[in-house]
Amino acid sequence: MQQPAGTEGQHPLIEVRGVTKSYGRHAVLDDVSFEVRPGRSLAIIGANGCGKSTVLKICAGLLSPDAGIVRVSGRVGYCPQQADLGHFLTSDDHFTWFGAAGGLRARGSRRRGRALAASLDWQVTSKQVGDLSGGTTQKLNVACSVLGDPQVILLDEPYQGFDEGSYLDFWDMVDRWCAGGAAVIVVTHLLRELHRVDEVLDLGAGRAA
């Protein structure tokens, strides 16, 4: 992926240095460090239980590390692995709700949300979330996480339940977010699209490639 013009030499939008995290006696993260600059993307890979979701939650401010520092510049959009959505609300209700948190008015947030949905080959209906398929619910999860045009985008296996076309559409969206100057981090267990990111952090190996 080519770095957008004008981003060379800019300070990282997210910087992680020496992050360590344990649950009881079980060390999940040990001295993890990386940074992502504007217009760049990072994939975090590794075996189950190696701390991929944990490091993303720390970056999002949902967990505190035992040691180390995390510096984030700008708004953060976080897409969790399990969507935290209201089953009795519609997709437009969620766009209004999440958009308000990002400073958007209701009509603008619904328009923006529907445009993001269309980018994932989904035409929004008036169904309640509880009546949506798993893949469609995950598309809503992705759309809500980026409604406010965040500068730092954190995505934890965001494509679960996507069909092949929507999966490829998702990676096209990553390209567009980076072209717009965002820093994008994707936790993934699917390795075939790693050529589409700028860097890869293998937590199993403990190094960036």
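**Close-up views of a predicted model**

**View 1. Aromatic pairs.** The count of aromatic pairs comes to five, where rings of Phe, Tyr and Trp (its six-membered ring) pair if their centres lie within 6.5 Å, and planes under 30 degrees apart count as stacked, over 60 as edge-to-face and the rest as tilted. The ring centres of Phe-170 and Trp-171 are 5.3 Å apart and the planes stand at 70°, so this pair is edge-to-face. Phe-170 also forms an edge-to-face pair with Trp-177, at 6.4 Å centre to centre and 75° between the planes. One aromatic cluster is formed by Tyr-159, Tyr-167, Phe-170, Trp-171 and Trp-177.

The model is predicted: local features need pLDDT of at least 70, side-chain atom pairs count only at pLDDT 80 or more, and totals for chains, interfaces and linings use all residues. Residues are numbered from 1 along each chain as its sequence is written, and side-chain values use heavy atoms, with hydrogens and water left out.

**View 2. Helix α5, residues 164–179.** Helices are DSSP runs (H or I, at least four residues), numbered from the N terminus. α5 has 16 residues and spans 23 Å from its first C-alpha to its last, close to the expected 22 Å; the expected span is 1.5 Å times one less than the number of residues. Its buried residues (under 20% relative accessible area, 1.4 Å probe, protein chains only) are Ser-166, Tyr-167, Phe-170, Trp-171, Met-173, Val-174, Trp-177 and Cys-178. Seen down the axis of α5, these residues fall within an arc of 150°, so they line one face of the helix; the arc is that of the directions from the helix axis to the C-beta atoms. Relative accessible area is 0% for Phe-170 and 11% for Trp-177.

**View 3. The two ends of α5.** At the start of α5, a side-chain oxygen of Asp-163 comes to within 3.2 Å of the backbone nitrogen of Gly-165. After α5 comes Gly-181, with a positive phi near 100°.

**View 4. Surroundings of Leu-140.** Leu-140 belongs to helix α4 (residues 134–145) and is buried at 0% relative accessibility. Leaving aside residues up to four places away in sequence, Leu-140 touches Leu-85, Ser-91, His-94, Phe-95, Trp-122 and Val-129, contact meaning heavy atoms within 4.5 Å.

**View 5. Confidence along the chain.** Mean pLDDT (the predictor's confidence in each residue, from 0 to 100) is 89 for the chain, and 90% of its residues reach 70 or more. Over residues 1–6 the pLDDT is below 50, and this stretch has 13 contacts in the model beyond near neighbours in sequence. Where pLDDT is low, the predicted coordinates should not be read in detail.

Terms used. Buried < 20%, exposed > 50% of the residue type's maximum accessible area, 1.4 Å probe, protein only. Polar contact = N/O pair within 3.5 Å; in protein donor to acceptor, adjacent residues only side chain to side chain.
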